[in-house]
Amino acid sequence: EAELELVLQLEAQSSPVDKDGRQRPYKVVCLASARRDELRRRRDELWQARTEALETLDELLHDGMSTIDELAAAISAGRSAVLEGNASVDGIGPLGAASERWLTAPMFEAYALFTAL
């Protein structure tokens, strides 16, 4: 949901003119376009991996019988599916406001459980 909202905002910011007809700076348009394109790539290319990683994390987090190896594998799958990242590298956080490391709630819970085991 948050990514969809961000895509819509970036779509508007990718336009060379704003809603009042003023020219946007080239750098702003390029940055917004790059962020929008990355979100589209996540949606189009990673949806299956993200769905599977989220399902696996959900099962392990609510099972209560997870091993460290299972949890480590699920965390690795979550990383590969871009369920966490660094906004200074990828320019995107789930809400678009992250400035450093960001992660989804299931990844946060998985890390918390991992450190508790």
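Arg22 counts as exposed, with a relative accessibility of 53%. Here buried means under 20% relative accessible area, exposed over 50%, and partly exposed in between (1.4 Å probe, protein chains only). This is a predicted model, in which local features need pLDDT of at least 70 and side-chain atom pairs count only at pLDDT 80 or more, while totals for chains, interfaces and linings use all residues. Residues are numbered from 1 along each chain as its sequence is written, and side-chain values use heavy atoms, with hydrogens and water left out.

## The chain as a whole

The protein chain has six helices and two strands. Both kinds of element are DSSP runs numbered from the N terminus (helices: H or I, at least four residues; strands: E, at least two). Read from the N terminus, their order is α-α-α-α-β-α-β-α. The chain has 117 residues, and 32% of them count as buried. Its accessible surface is about 7500 Å², and carbon and sulfur atoms hold 57% of that. Such areas come from the Shrake-Rupley method with a 1.4 Å probe; for residues, only the protein chains shown count as cover.

A contact means heavy atoms within 4.5 Å. Among the contacts in the chain with a separation of 6 or more, 56% are between residues 24 or more positions apart.

## Salt bridges

Side chains of opposite charge can pair when their charged atoms come close. A salt bridge is a side-chain nitrogen of Lys or Arg within 4 Å of a carboxyl oxygen of Asp or Glu. The whole structure contains 12 salt bridges. The table lists some of them.

| Pair | N to O distance |
|---|---|
| Arg22 and Asp18 | 3.0 Å |
| Arg36 and Asp37 | 3.1 Å |
| Arg41 and Glu45 | 3.9 Å |

Asp18 is buried, at 18% relative accessibility. In the pair of Arg36 and Asp37, Arg36 is buried at 13%, whereas Asp37 is partly exposed at 39%.

Arg41 and Glu45 both lie in helix H2 (residues 26-45), and because they are four residues apart, about one helical turn separates them. Arg41 is partly exposed, with a relative accessible area of 31%, and Glu45 is exposed at 56%. Elsewhere, Glu11, Arg36, Asp37 and Arg40 form one network, joined by salt bridges that share partners.

## A nonpolar patch

Ile68, Phe114 and Leu117 make a nonpolar surface patch of about 250 Å². Patches are made of residues with over 30% relative accessible area and no salt bridge; like charges are joined within 9 Å, and nonpolar side chains (Val, Leu, Ile, Met, Phe, Trp, Tyr) within 5 Å. Ile68 belongs to helix H4 (residues 68-80) and is partly exposed, with a relative accessible area of 40%.

## Helix H6

Helix H6 (residues 105-116) has 12 residues and spans 17 Å from its first C-alpha to its last, close to the 16 Å expected at 1.5 Å a residue. The expected span is 1.5 Å times one less than the number of residues.

The buried residues of H6 are Met107, Ala110 and Tyr111. These residues are on the same side of H6 because they cover an arc of only 100° around the axis. The arc is that of the directions from the helix axis to the C-beta atoms. The buried residues of H6 pack against helix H3 (47-63), H4, strand S1 (84-86) and strand S2 (101-103). On the face turned away from the buried side, H6 carries the exposed residues Phe108 and Ala116.
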